[in-house]
Amino acid sequence: MSTTVFAMVDGHALGGLMRIVVTRPSGMSAARAAADAVVAAIDLAASRFREDSELSRLNASADQDVVVSPLLAAA
C-alpha cells in the first residue's frame, strides 16, 4: 500500500495568489525560499508599479534602444 505525503502553502505574489506544493514536507522551507526568490526577481524585472523595476526604466527610455535582461524578455 502506498501513501501520498505532501505539504501545501498558499500565499500572495504579484497581485495574485500563489500555491506551493511539495512531495516532501521537510522541503517546504527550501521550496518557499526558492519561490520567494523567483517572485522577487520577477517583481524587480517586470513590475509596472515599481519605479526601480527594469520595466519602468525601459518605459522611461521609450525613444532609445535598450538591452533587457533574459528574465524581462521571457516575462
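Does Asp 36 count as buried, partly exposed or exposed, and what is its relative accessibility? In this predicted model, Asp 36 counts as partly exposed, at 36% relative accessibility. Its side chain meets that of Arg 32 in a salt bridge, with 3.4 Å from N to O. Both residues belong to helix α1 and stand 4 residues apart, about one turn of the helix. Arg 32 is likewise partly exposed, its relative accessible area being 28%.

Side chains of opposite charge can pair when their charged atoms come close. The count of salt bridges comes to 4. One of them joins Asp 10 and Arg 19, at 2.6 Å from N to O; Asp 10 is partly exposed at 48%, whereas Arg 19 is exposed at 53%. Arg 50 is partly exposed, with a relative accessible area of 27%, and Asp 43 is partly exposed at 24%.

The largest nonpolar core consists of 7 residues: Ala 7, Ala 13, Met 18, Ile 20, Val 22, Met 28 and Ala 35. Strands β1 and β2 (16-22) and helix α1 (28-46) each supply at least two residues of this core, and β2 gives the most, with 3 residues. Beyond its neighbours within four places in sequence, Ala 7 is in contact with Ile 20, Val 21, Val 22, Pro 25 and Met 28.

Phe 6, Met 8 and Val 21 make a nonpolar surface patch of about 300 Å². Phe 6 lies in the segment before β1 (7-13) and is partly exposed, with a relative accessible area of 48%.

Technical notes. Residues are numbered from 1 along each chain as its sequence is written. This is a predicted model: local features need pLDDT of at least 70, side-chain atom pairs count only at pLDDT 80 or more; totals for chains, interfaces and linings use all residues. Side-chain values use heavy atoms; hydrogens and water are left out. Patches are made of residues with over 30% relative accessible area and no salt bridge: like charges are joined within 9 Å, nonpolar side chains (Val, Leu, Ile, Met, Phe, Trp, Tyr) within 5 Å. Accessible areas come from the Shrake-Rupley method with a 1.4 Å probe; for residues, only the protein chains shown count as cover. Buried means under 20% relative accessible area, exposed over 50%, partly exposed in between (1.4 Å probe, protein chains only). A nonpolar core is a set of buried Ala, Val, Leu, Ile, Met, Phe, Trp, Tyr and Cys residues joined through side-chain atoms within 4.5 Å. Contact means heavy atoms within 4.5 Å.
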